[in-house]
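I opened this notebook to record what I looked up in one chain, entry by entry, with the cut-offs beside the terms they belong to.

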Amino acid sequence: MKQCKTCGEQFDGNAREFCSWQCEENHVKSLRKKLDDAVKTDRGHTQKLSKQ
């Protein structure tokens, strides 16, 4: 049995990392928020790229 990366619930399956599509969507939203926060406060190369 595998454990879901988001909620920790045990589930059957070997090709997936999440127990449901909702957990997968929540994981993607969390990663997107972390990325947006990191880029928003970055004063380096990302600002230069956004101007081009």
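How exposed is D37, buried or partly exposed? I found D37 to be partly exposed, with a relative accessible area of 34%, where buried means under 20% relative accessible area, exposed over 50%, and partly exposed in between, taken with a 1.4 Å probe and protein chains only.

Entry on the model. I noted that this is a predicted model, in which local features need pLDDT of at least 70 and side-chain atom pairs count only at pLDDT 80 or more, while totals for chains, interfaces and linings use all residues. Residues are numbered from 1 along each chain as its sequence is written, and side-chain values use heavy atoms, with hydrogens and water left out.

Entry on the fold. I looked up the secondary structure and found two helices and two strands, and read from the N terminus the elements run β-β-α-α; helices (H or I, at least four residues) and strands (E, at least two) are DSSP runs, numbered from the N terminus. Of the 52 residues of the chain, 12% count as buried.

Entry on the core. I looked for the largest nonpolar core, and it has five residues in all, namely C4, F11, F18, C19 and C23; such a core is a set of buried Ala, Val, Leu, Ile, Met, Phe, Trp, Tyr and Cys residues joined through side-chain atoms within 4.5 Å. In soluble globular proteins, nonpolar side chains tend to be buried together. C4 is in the loop between β1 and β2, and at 4% relative accessibility C4 counts as buried. Once residues up to four places away in sequence are set aside, C4 touches E9, F11, E17, F18, C19 and C23. I noted that C4 and C19 lie 15 residues apart in sequence, with their C-alpha atoms 5.4 Å apart in space. C23, another residue of this core, is also buried, at 10% relative accessibility.

Entry on the cysteines. How many disulfides does the rule count? The count comes to zero, a disulfide being a pair of cysteine sulfur atoms within 2.5 Å. I checked two of the sulfurs: the closest cysteine sulfur to that of C4 is in C7, at 3.8 Å, which is too far for a bond, and the closest to that of C23 is in C19, at 3.7 Å, again too far for a bond.

C7 sits in the loop between β1 (2-3) and β2 (10-11) and is partly exposed, with a relative accessible area of 43%. Leaving out residues up to four places away in sequence, C7 touches C19 and C23, and its C-alpha atom is separated by 9.6 Å from that of H27, 20 residues apart along the chain. E9 lies in the loop between β1 and β2 and is partly exposed as well, at a relative accessible area of 47%. With the same exclusion of residues up to four places away, E9 touches K2, Q3, C4 and C19, while E9 and S20, 11 residues apart in sequence, are 10.0 Å apart from C-alpha to C-alpha.

Entry on salt bridges. I counted two salt bridges, taking a side-chain nitrogen of Lys or Arg within 4 Å of a carboxyl oxygen of Asp or Glu as the rule. K5 forms one with E17, their closest N and O atoms being 2.9 Å apart. This pair links distant parts of the chain, with K5 in the loop between β1 and β2 and E17 in the loop between β2 and α1 (21-40), 12 residues apart. E17 counts as partly exposed, at 41% relative accessibility. K33 forms a salt bridge with D37, and here the closest N and O atoms are 3.1 Å apart. Because K33 and D37 are four residues apart in helix α1, they are separated by about one helical turn. K33 counts as exposed, at 52% relative accessibility, whereas D37 is partly exposed.

Terms used. Contact = heavy atoms within 4.5 Å.
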